[in-house]
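Colleague: Before I set up any calculation, I would like to go through this model with you, from its overall make-up to its packing.

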Amino acid sequence: MVIMGMGNSSINLVFHHGSMFPHEHVTSLVKPMKLCASFHLNLATWAVKSTSKDQRWKGFVRRCSVTEFVIASDEKYGNKQVVSLTPRLYDYVLENVREPEILRQLRVETASMRGSQMQVSPDQAQLLTMLVQILGAERCIEVGVYTGYSSLAIALVLPESGRLVACERDAKSLDVAKKYYQLAGVSHKVDVKLGLAADSLESLIMNGEAGSYDFAFIDAEKRMTEKYFELLLQLVRVGGLIVIDNVLWHGKVADPLVNDSKTNSIRNFNQRLMEDKRVSISMVPIGDGITICRKR
């Protein structure tokens, strides 16, 4: 752990565990407390206060063996404690994910491919499939397939009569997805659309399929998210769900110093979604962050 910028200036807490974690911004360090160390547990507690008079929160940094995690609470939110997800804790989450063997095989193959970071995580896929099952969905759309991890997960839980429209513009990665659809025996449930997703969605609308889909998942070009969302809002029925991936964008959306075009587009979309009365929403910090929208 590295602490920089002591005194009344802002500080960054940077945690190392094989790779760099996103840093936490803390406005000022008010009262350093005694550091208690043992073989299994080191506990350091700070009382931290921002420049705002009505905002005060405490940050607790614990070290268990080689894994660090942060528990932060803020009086503004009723002192609710929030635990950050670190490698050890995330390993525990993954140990409690029921990942079918065919999905594991696809995940392992994808890990060696260029752009493998685009693949959704097993815990994300598990949540998506549960939403599909709770909804009783039979007609689904995915915008951005890559090698097919999330679409395969969804296809596996669809009924035999179910249909998943899978939109992807990269033929090479789509070939991997189609191979696994075949291996899993779900190819008959997946309608692959190679090409620009916006064109594919507009074709579905022109074909009279508006309001006929139960569930949609967006995981594609971030600057096109709003376009995809508007098209899917036409295709999904009232009461149906649209799920958007990467809404936290590696934490960049909360960093005022980051203003690149992709980050700004996600940030602006999140804000517009907050004000959109056509849907009910829930932002969930799983994977790179997803927002679940229910069409009203």
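What follows is a set of questions and answers on the helices, the cores and the aromatic contacts.

Modeller: This is a predicted model, in which local features need pLDDT of at least 70 and side-chain atom pairs count only at pLDDT 80 or more, whereas totals for chains, interfaces and linings use all residues. Residues are numbered from 1 along each chain as its sequence is written, and side-chain values use heavy atoms, with hydrogens and water left out.

Colleague: What percentage of the residues of the protein chain count as buried?

Modeller: The protein chain has eight helices and 18 strands, taken as DSSP runs (H or I of at least four residues for helices, E of at least two for strands, numbered from the N terminus). Buried means under 20% relative accessible area, exposed over 50% and partly exposed in between, with a 1.4 Å probe and protein chains only. Of the 296 residues, the share that counts as buried is 42%.

Colleague: How far apart are the end C-alpha atoms of helix α8?

Modeller: The expected span of a helix is 1.5 Å times one less than its number of residues. For the 14 residues of α8, residues 261-274, this gives 20 Å, and the distance between its end C-alpha atoms agrees, at 20 Å.

Colleague: Which elements do the buried residues of α8 pack against?

Modeller: The buried residues of α8 are T263, S265, I266, F269, N270 and L273. Seen down the helix axis, they fall within an arc of 165°, so they line one face of α8; the arc is that of the directions from the helix axis to the C-beta atoms. With contact meaning heavy atoms within 4.5 Å, they pack against α7 (225-235), β16 (236-245), β17 (279-284) and β18 (290-295).

Colleague: Why is the aromatic pair of F229 and F269 called edge-to-face, and which helices hold its rings?

Modeller: Rings of Phe, Tyr and Trp (its six-membered ring) pair if their centres lie within 6.5 Å, and planes under 30 degrees apart count as stacked, over 60 as edge-to-face and the rest as tilted. The structure holds one such pair, and since the centres of F229 and F269 are 5.7 Å apart with their planes at 75°, the pair is edge-to-face. Both F229 and F269 are buried. The pair ties together parts that are 40 residues apart in sequence, because F229 lies in helix α7 and F269 in helix α8.

Colleague: Which residues have the most contacts inside the largest nonpolar core?

Modeller: A nonpolar core is a set of buried Ala, Val, Leu, Ile, Met, Phe, Trp, Tyr and Cys residues joined through side-chain atoms within 4.5 Å. The largest has 33 residues, and the elements that give two or more residues to this core include α2 (101-111), α4 (149-157) and α5 (171-184). The residues with the most contacts inside the core are V132, C140, L152, I154, Y181, F215 and V243.

Colleague: Where is Y181 found, and what is its relative accessibility?

Modeller: Leaving aside neighbours within four places in sequence, the contacts of Y181 include V145, L152, A166 and V192. Y181 is found in helix α5, and it counts as buried, with a relative accessibility of 2%.

Colleague: Which residues of α2 are buried?

Modeller: What covers the buried residues of α2 includes α4 and α5. The buried residues of α2 are I102, L103, L106 and T110.
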